Amino acid sequence: MDVKITPSKLSGQIEAIASKSEAHRLLICAALSRTETELNINKSSGDIEATIGCLRALGAEITVSGSKVLVKPCRPSGTPLIDAKESGSTLRFMIPVAAALSESVCVTGSGRLPERPIGELLAAISENGSMADGDRIPLTLKGKLKPGTFSIPGNVSSQYITGLLLALPLLEGRSSVKLTSKLESKAYVDITLDVMKRFGIEFEYVENEEGLSEFVLDNGNGYSAPPFVKVDGDWSNGAFFLVAGALGNGITVSGLSLSSPQGDKEIISILRKFGADVMISEDVITVLPGNLKGTVIDINETPDLLPILSVLASFAEGETEFVNGARLRIKESDRLMSSAAMINGLGGCAEELPSGLKVKGFPGGNLRGGNVDSFHDHRIAMSAAIAATRCDGDVYIKDAGSAAKSYPDFYSDYRNLGGKVDVI
């Protein structure tokens with residue numbers, strides 16, 4: 001789906017959609033428990049549906065009725081086919097989990113996912129009983145995981161660590177995830193640990209003299225499901241409309257918990273650092289325009305925010321530099337390249353750096369408008385739509401429908417806030 005957006009500033013109030021990061025983990029923990037549980041997920045997405053599909057392939061019974069999601073435990077048989085679709089989180093979480101449940105598993109996916117690396121994760125599970133017949137999907141895993149020490153870099157993908165942590169309670173014996181380098185994107189691991197704790201799983205955390213971490217789990221009683229769990233609002237997707245508030249006439253987003261372990265709640269501090277006016281009342285966040293000024297942003301712990309923050313930087317006085325973003329090159333698109341292409345394609349000024357991005361702002365003015373290729377990346381498509389609110393001419397977004405990967409109702413919410421979107 002391609003769209004044309006006629007520039008119009010946004011304003012009003014919306015409710016945050018369910019956290020994709022939390023929903024993945026809650027669904028997996030629920031399906032690995034001994035008893036059924038009910039989740040409340042107010043809005044699903046393509047990635048969440050991918051995780052549900054994989055769990056069903058492993059024998060879980062999952063019934064969806066509106067926001068109510070009833071999960072009955074996995075009962076794997078035969079050689080299940082794990083199709084992660086285009087979800088990197090689903091792929092990296094499900095590989096160790098499936099290997100812990102089944103002697104033989106086929107794993108596949110689509111979009112850019114077959115190009116995305118998983119070598120370190122496959123090496124970790126191969127040392128503990130499960131061998132892959134390739135280093136990228138599609139592939140087949142042979143042999144069930146055995147308890148032991150799973151060594152993995154901490155600076156490549158937190159998703160590898162989460163996948164291994166989720167699998168450990170299924171193994172009969174003392175096991176650990178040992179990091180061979182410093183942990184990055186720590187907030188995503190914190191989400192995992194928080195969710196697992198709600199299902200009765202707690203790890204012993206050990207840190208050696210070099211500052212390297214190990215998560216140790218003694219042989220326990222497995223997952224214990226609570227009867228009901230509500231999924232928190234999604235800070236990553238809420239960030240699009242919070243930034244729109246700073247660029248428009250003010251927007252209020254409800255349902256975002258400040259006590260959430262989601263790292264992207266850092267958007268509040270970043271907006272204030274840029275100079276936006278942010279007001280908070282419990283789980284209701286209101287953002288109003290302010291005197292925006294360029295700054296330096298370390299994107300290492302919040303990489304998903306780069307595309308929309310590059311839009312914000314385009315309207316801040318002076319120059320903004322985003323640093324420590326090398327891992328953004330292996331997302332749904334090379335997001336350093338695609339974010340720069342988006343800004344420049346709309347008449348802005350962005351320079352792609354080896355591990356970052358430099359953006360020159362145009363305070364008080366607008367971008368030109370024009371054509372944007374989303375590169376089939378949901379975050380680029382949604383960022384371009386927010387940028388369009390401050391353009392002089394129409395904005396045409398190629399493959400704008402990629403937003404459905406994480407936020408299927410994005411354009412509906414956009415219209416409800418005063419945006420003008422036409423499918424072309």
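How many aromatic pairs does the structure hold? In this predicted model, the structure holds seven aromatic pairs. One of them is formed by Phe240 and Phe410: the ring centres are 6.3 Å apart and the planes stand at 75 degrees, so the pair is edge-to-face. Planes over 60 degrees apart count as edge-to-face. Phe240 belongs to helix H7 and Phe410 to helix H12, so this pair ties together parts that are 170 residues apart in sequence.

Next comes a sheet. Four strands form an open sheet with mixed pairing, in the order S18-S19-S21-S20. Strands S18 and S20 stand at the edges with a single partner strand each, so one side of each has no neighbour in the sheet. From one strand to the next, the twist averages 15 degrees. Strands of a sheet pair through backbone hydrogen bonds, either parallel or antiparallel. S18 and S19 run parallel and are joined by three bridges. Ile297 stands opposite Phe322 in S19. Helix H10 lies across S20 and S21, and runs at about 165 degrees to S20.

| Element | Residues |
|---|---|
| Strand S18 | 296-298 |
| Strand S19 | 319-323 |
| Strand S20 | 349-353 |
| Strand S21 | 356-360 |
| Helix H10 | 335-345 |

The largest pocket has a volume of about 290 Å³. Its lining has 21 residues, and Leu32, Pro169, Leu170, Gly222 and Tyr223 lie nearest the centre of the pocket. By type, the lining of the largest pocket has 12 nonpolar, five polar and four charged residues.

Technical notes
Residues numbered from 1 in each chain as written. Predicted model: local features only at pLDDT ≥ 70, side-chain atom pairs only at ≥ 80, totals over all residues. Heavy atoms only, no water. Pairing = 2+ DSSP bridges. Helix = DSSP H or I, 4+ residues; strand = E, 2+ residues; numbered from the N terminus. Axes fitted to C-alpha atoms, helices over the stretch in contact; angles between N-to-C directions. Contact = heavy atoms within 4.5 Å. 1 Å grid on protein atoms, 1.4 Å probe; cavity = no way out; pocket = protein on both sides within 12 Å on 5 of 7 lines; lining within 4 Å. Points joined across faces, edges and corners; volume = space filled by probe spheres on them. Nonpolar A, V, L, I, M, F, W, Y, C, P; charged D, E, K, R; others polar. Phe/Tyr/Trp six-rings, centres within 6.5 Å; stacked < 30°, edge-to-face > 60°.
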